[in-house]
Amino acid sequence: MPVTINRRKAILSILIVSATAVLFPYCREADKSVMQLKNFNINSNQQDMLAELCESILPKTKNFIGAKDLNAHGFVLKMMDDCQPPEKQKLFTDGLKAFNDLCDKKFTSSFVKCTATQRNELLTQLEIGLNDEKNTAAQFYGFTKVYTLQCFTGSKEYMTAIKKYKIVPGGNFKGCEKI
Amino acid sequence: MPDKNKFDAIVIGSGMSGGWSAKELCERGLKTLLLERGRDVKHLKDYPTTNMLPWEFEHRGQIPYEIKKENPVVSRCYAFKEDAMHFFCKDKEHAYVQEKPFDWIRGYQVGGKSIMWARQTQRWSDFDFEGPARDGFAVDWPIRYKDLAPWYSYVEKFAGIAGNKDGVDTLPDGEFLPPWELTCVEEHFKKIVAANYKNRHVIIARCAHLTKPNQIHLDQGRGQCQARNLCQRGCPFGGYFNANSTTIPWAEKTGNLTLRSHSVVHSIIYDEQKGKATGVRVIDAITKQATEYFADVIFVNAGAVNTNLILLNSISNRFADGLGNDNGLLGKYFAFHNYRARITAKYEGFLVYKTEQSRASGAYIPRFRNVYKQETDFLRGYAVTFDAARRSAVVKTESQFGEELKAKLMDASSRLGPWNIGSQCMGETIPKETNYVALDTNQKDEWGMPLIKFNVSFDDNDEKMIKDFMEQFTEMYEKAGFTDIKASDSKQAPGLDIHEMGGVRMGKDPKTSLLNSNNQMHSCKNVIVSDGACMTSTSTQNPSLTYMALAARAANLAVDLLKKG
């Protein structure tokens, strides 16, 4: 009964995919395959570029993890896919293309292959463009930066080590403590 | 009539007030049926997110776009977030009609909105109860502070209220557990306000948190509040009051309670010959099957709007326009609180001080306008919250990336910004005949209930009050040396305050009110309405504590009458 076997295989592979999704939630551990999104698509080059961009925004340093360690680009894509309206998703994907074009025009190179100096130059230019709604490359950068920051500052590592977050603070509030 | 469907008392609704009705009735020995239209929520067991860490939420707390698009009303509620959205009724699943915009926020489950409420518990005073008579609106309340004071004490002791005895005329003191502290800047503001204004008081707000549990709270299985500020998820410590941890289990312990969830009450059955209500018609929320339950006395605690809906839908030959509605006022004089205005500021003083840990309350300024005499061009007044806290310096908007940005983030805990100041205005609105809820008999929901339609709006008095709040608080903030003062009007619709009240008001005269001083319907005395629907006027205090006191009082008075025969 090949049909049944195929169906079984199909069901099994779905189970494996969902199990993977549970085991590797975004903003956690690296996952090399291209993310399947509900509302827009990206290819593996774009995904790699996004991962590099997130790392440029919050790089790994000698004392603490960076964006790549948290799979921040996966979180950026998930939030864009689930929490933004269609027009913002379009702005993001249009902006992603514009970002690639801009990088190519400036350095005749993809962002992934750019030097650290080139990346800095590009990001400095985009920071200035953040307030310009028509600057789609900058808007794409803006979404990426906001969600990378959210991924980082909301991560278990940051919240426990830096913010000293406790789910049970203890109820000993002090209204006026000398620093 | 089958015996299994016969009880001494029926309570419709298991939330803030219904839990109290059930507890009192069961304790007084009445076999009580507690009906809830939603699912059961057991304390501890049914709080699925309560111990989740912030990074465990898929969207870090945010509501996905699809859900927001399908549920625009509830999405405007501050507490409708990823961690508690399962406790909120979705617009899409429960339609209603907005002839004028009304944000109706609901919690359809055992415990109702008492799970997600903001836990502020201020008493009313006679400045509130005497308001309608003095200022000539609505009708005179049939009760005064002295009638409710012992019941405030009664519910406060059981629920557990943290607060300070402030001795303020407009906000009577109660039975308090230790208060939370004010912050440095709140203390500073308190001093400035006291020095510059007569009869304006900055206090710590009273709230339903166990800062130091008494034996009665331990007996309930509840413990000390740990200031997690995640209350909307349900509390694993039982640190705040909700019906699920407090009143309902207490009622269950008596052995007299039957709790039936998934029970949509269609109407109250009126027996023309006996001249009283004899029971309720219930539609099973899942099977849609209709069942009748019978009792000697019926308590309507369905939440202000749904209480109106059930009574309006309880039609008989005797009451063609809804139960007890001889004067045509049922559903009218519906009111709410004016929550549109806010003011924020910064303060650059006290920079060598900070707060430590968190607390479950904030500062509060009870109503000071038109208290001892009419002094403005609008009626009544407003109470105001006041919070001053320091947060980590914001780096998001700074034009940075890379190692420089990361270094700032790593340093965030030691880099505090200035004090952030914020106040929310809570204004009394004047109940009017033209503000009403009514049935839309052309549209029915899947349980066969007509839809409720809202015709409720702000008026000129509310607009003037907003303007006055902004002027007064700008001046008070300036006197305190605050900077970057920004007043704003959210223009939000009525309802988002989640303080909807009235439609079945109490009063002395059956010609102009629906309920007597015992919360009994004037023309059907074995039906008692003791939730927000009974409110004759709205005051400027968060209403839940008053609902609890009214419900406990009404249940005990009803049992007294039953026992007299």
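Trainee: In this predicted model, which residue of β10(B) does B:R281 stand opposite, and what makes β9(B) and β10(B) a pair of strands?

Mentor: B:R281 stands opposite B:E292 in β10(B). Strand β10 covers residues 290-294 of chain B, and five bridges join it to β9(B), the two running antiparallel; two strands pair if DSSP finds at least two bridges between them, so the term applies here.

Trainee: How many residues lie between β9(B) and β10(B) in their hairpin, and which residue in the turn has a positive phi?

Mentor: Five residues lie between them, and B:K288 in the turn has a positive phi of about 70 degrees.

Trainee: How do you know that β8(B) also pairs with β9(B)?

Mentor: Eight bridges join β8 (residues 263-271) to β9 (residues 276-284) of chain B, again antiparallel, and since the requirement is at least two bridges, these strands pair as well. Among the partners, B:I268 is bridged to B:V280 in β9(B). β8(B) and β9(B) form a hairpin with four residues between them, where B:G275 in the turn has a positive phi of about 70 degrees.

Trainee: What makes residues of domain 1 and domain 2 of chain B count as in contact?

Mentor: The criterion is that C-beta atoms, placed from the backbone, lie within 7 Å; by it, 25 residues of domain 1 of chain B are in contact with 29 residues of domain 2 of chain B. On the side of domain 1 that touches domain 2, the largest share, five residues, comes from α6(B), and the residues of that side divide into eight nonpolar, 12 polar and five charged.

Notes: Residues are numbered from 1 along each chain as its sequence is written. Chains are lettered from A and ligands numbered from 1 in the order in which they are written. This is a predicted model: local features need pLDDT of at least 70, side-chain atom pairs count only at pLDDT 80 or more; totals for chains, interfaces and linings use all residues. Two residues are in contact if their C-beta atoms, placed from the backbone, lie within 7 Å. Ala, Val, Leu, Ile, Met, Phe, Trp, Tyr, Cys and Pro count as nonpolar, Asp, Glu, Lys and Arg as charged, and the others, Gly among them, as polar.
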